There are 2 protein chains.
Amino acid sequence: MENQNIILETTILKLLDEKKYPTLRDILTTMNPSDLAGIFQGLTQERIPLLFRLLPKELAAETFVEMDPEAQELLIKGFSDSELKEVIDELYVDDAVDLVEEMPANVVKRVLSQADPEMRRSINELLKYPDNSAGSMMTTEFVTLRPSMTVGESILRIRRTGVDKETIYTCYVTEGGRLSGLVTVKDLLLAKDDEELVQDIMEQNVISVSTTTDQEEVARMFAKYNFLAFPVVDNDSRLVGIVTVDDAIDVIQEEATEDMEIMGGMSPSEKSYRRSTVLDLFKQRIPWLLLLMISATFTGMIITSFETALAAQVALTAFIPMLMDTGGNSGSQSSVTVIRAISLGELKFRDMPMVIWKEIRTAVLCGFVLSLVCFFKIMLVDRLLLGNDSITVTVALVVCLTLIITVFLAKSVGAILPLTAKQLGFDPAVMSSPFLTTIVDALSLLVYFGIARILLGI
Amino acid sequence: MENQNIILETTILKLLDEKKYPTLRDILTTMNPSDLAGIFQGLTQERIPLLFRLLPKELAAETFVEMDPEAQELLIKGFSDSELKEVIDELYVDDAVDLVEEMPANVVKRVLSQADPEMRRSINELLKYPDNSAGSMMTTEFVTLRPSMTVGESILRIRRTGVDKETIYTCYVTEGGRLSGLVTVKDLLLAKDDEELVQDIMEQNVISVSTTTDQEEVARMFAKYNFLAFPVVDNDSRLVGIVTVDDAIDVIQEEATEDMEIMGGMSPSEKSYRRSTVLDLFKQRIPWLLLLMISATFTGMIITSFETALAAQVALTAFIPMLMDTGGNSGSQSSVTVIRAISLGELKFRDMPMVIWKEIRTAVLCGFVLSLVCFFKIMLVDRLLLGNDSITVTVALVVCLTLIITVFLAKSVGAILPLTAKQLGFDPAVMSSPFLTTIVDALSLLVYFGIARILLGI
């Protein structure tokens, strides 16, 4: 599949160089917009408008939607006014809104000036909704039916008005602008009789979202209900738009990427890796590195305050990395699990007792096994095999006890922090690996030196 | 929304206790199968069959599909043969396959014995495909048309055969079993003339997947092409099934969860957190903790071999956690970014030079800023404010130089490892945080003591 694309790309470039435009057009028209957009991504700046002008109108607009913002901007700047108008006329409103949100101000001005008045009004309407809300995701192009229409009339209406709609498969039934039901094209086609009334076959218990519903929640609803679209209603239950499953897939992927970026200690970015400049990456990463570096100072201070004790028992130093790492890993196992379950809508704050109870039992099991293995490893490898006499049974005990307690603390904190963050309105993903490691590092050292003081008398 | 569900649940339980079955049935029939399955999740074992028998046949089967395997097993065990047959008859083949894959052998035997012969044949056919392949995701219930049919005939065929199909919106055109095109219901409804031939309006360049295509690749194709279904063909280009967008959403979420679990240092699990027992969690977590603990031994050995040097310059110990953490964080930033980009199909092995060049420039920027801040922090806070005289300018220089080099190494390794793993056929996600931390820890200590030896002469 991928090799085929590379061969195709080479062929297209060759034909473009040889100016064999009719052959090129024949090839291009057989292609899918997403694949075409991929070809454009690899072109040099001068060739983009050249190839674009070879596409038939509708395919050109569909390809345009799938392109990177950079290529889109380049094309718009090269378009004549009438070319720009042709592309914009073919866009669905939600795609036009995405475009306007991505482009710099001067380009936006040109886009809006070429959009027809109704499109311009819709774009401006949708731009008012908060970022990442159902309102900003939705499109206003959907099919509405009346309860008193017959099945036959409904099918006729779809055939007459459907061409400009983003989906025709779910039709919404409204009365005075208010949503009162839905019928699918499947319901209409499979209805026994063309004279049946919409109100008799429609689903009345319609699950809808509000314009302010968070896009993550919308995406979760698609995953839960397996629908192709959800209606979006305003505060007065008036139907104002629909969100479709293709946009939900994009949101699901974006949200997962965002969670992973935050868990990896970065500010989330909407740019793909390919499109991110070194400066973008730097800005995304440096604040967290600085913050975490400064926090690690506390860990350093704990070590400093035990400096004399450490100088007396240097053997203890060798176990610091292992204790810190195991603590960090135990904690991030719990936090990652809990954060993901929160993201999928599976865990809520009220599940805290269940989660803590599950985590501490897991922690006890893990801690016990780890320290058992660790004890034998220290006694057999470090003491016997490597002949390090300063490692006594008491030292091994100190290390193993610390291990059990650290795993216990790490897993508890790792489970509690994300749920608490969610409840307080923060992003739970922040409470993962990097942030947690800093806390667990400090905790594990305090436990370590505390136990060492008691058992070794340092 | 959520509160409403809790109120509803309470009402349903109350009506169930009061045996007000007719009222209960009226409420249940207005509900969506996914919400109903949620209600069943909260019920005690005895109540599940009781409530289930109140549902009308079709809704019962739809609700059954959405339930947890535990509840499904419980119900099947309580069903009479005829009840079981009723539910199975209503299932789509792909849902039946999922059921068979989840149930214990004795339950599977009963399920298969109650399925009608055609269903049984289809289930057995689909079970042959490898796990996580398009073949195991697909359903065999789709609408086929012939190229010579007219639009009117096609619509008639859909109306006659569509009721049992998982989707009717994308119809596939076949000749002698081979896939030759597709038409959507939208194409058919918006066709100008009922006498037009399918072969004249069908899309001939059909993008299909093979039965052995990995489900992750299938999910990526849904994200890329915004289709509602993809046809699945066998080695002879014969159409054998379709995969639909609702299944793709589940796969996208599963794959993201799996990546996060691996990045968090756990074996992936298909069970939800709620359904996982303490033993499940333990088994998922302990192998990694043990492996990482043992690997941390090397870090310990590095420290041990510099024990005498450390005893002479105890101040150096205090910076070990900060250096290790910053190295780990820098590395996991890069690895998480690269792993996610690989998962989304954005980066391939051949992009390695581009990735490394981007990462090392980012690393230089980050390392420079971090060490600058670190230098001033050490001189102002540690030396002046806290009055720690053992921290000299040279010590600060050693720490800052180590920082730059560690960040550089961590980001390079963090970028190279996942791409290499992918190329070698391993899961790139394994090369993230926990695993990387162990490598970076050892590297940073070696650099630290190496520089200290040169500059401090220890």
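**How two strands and two chains meet**

In chain B, strand S1 (residues 144–145) and S2(B) run parallel and are joined by two bridges. This is a predicted model, where local features need pLDDT of at least 70, side-chain atom pairs count only at pLDDT 80 or more, and totals for chains, interfaces and linings use all residues. Residues are numbered from 1 along each chain as its sequence is written, chains are lettered from A and ligands numbered from 1 in the order in which they are written, and side-chain values use heavy atoms, with hydrogens and water left out.

Q: Why are S1(B) and S2(B) called paired?
A: Strands (DSSP runs of E, at least two residues) pair if DSSP finds at least two bridges between them. These have two bridges, so they pair. Leu145(B) stands opposite Val173(B) in S2(B).

Q: What makes strand S2 of chain B mostly covered?
A: Buried means under 20% relative accessible area (1.4 Å probe, protein chains only). Five of the six residues in S2(B), residues 170–175, are buried.

Q: Why is the meeting of Arg285(B) and Glu359(A) called a salt bridge?
A: The rule wants a side-chain nitrogen of Lys or Arg within 4 Å of a carboxyl oxygen of Asp or Glu. Across the interface of chain A and chain B, the rule finds eight salt bridges.

Q: What makes up the contact between the chains?
A: Contact means heavy atoms within 4.5 Å, and 120 residues from chain A and 120 residues from chain B take part.

Note on methods
Buried < 20%, exposed > 50% of the residue type's maximum accessible area, 1.4 Å probe, protein only. Helix = DSSP H or I, 4+ residues; strand = E, 2+ residues; numbered from the N terminus.
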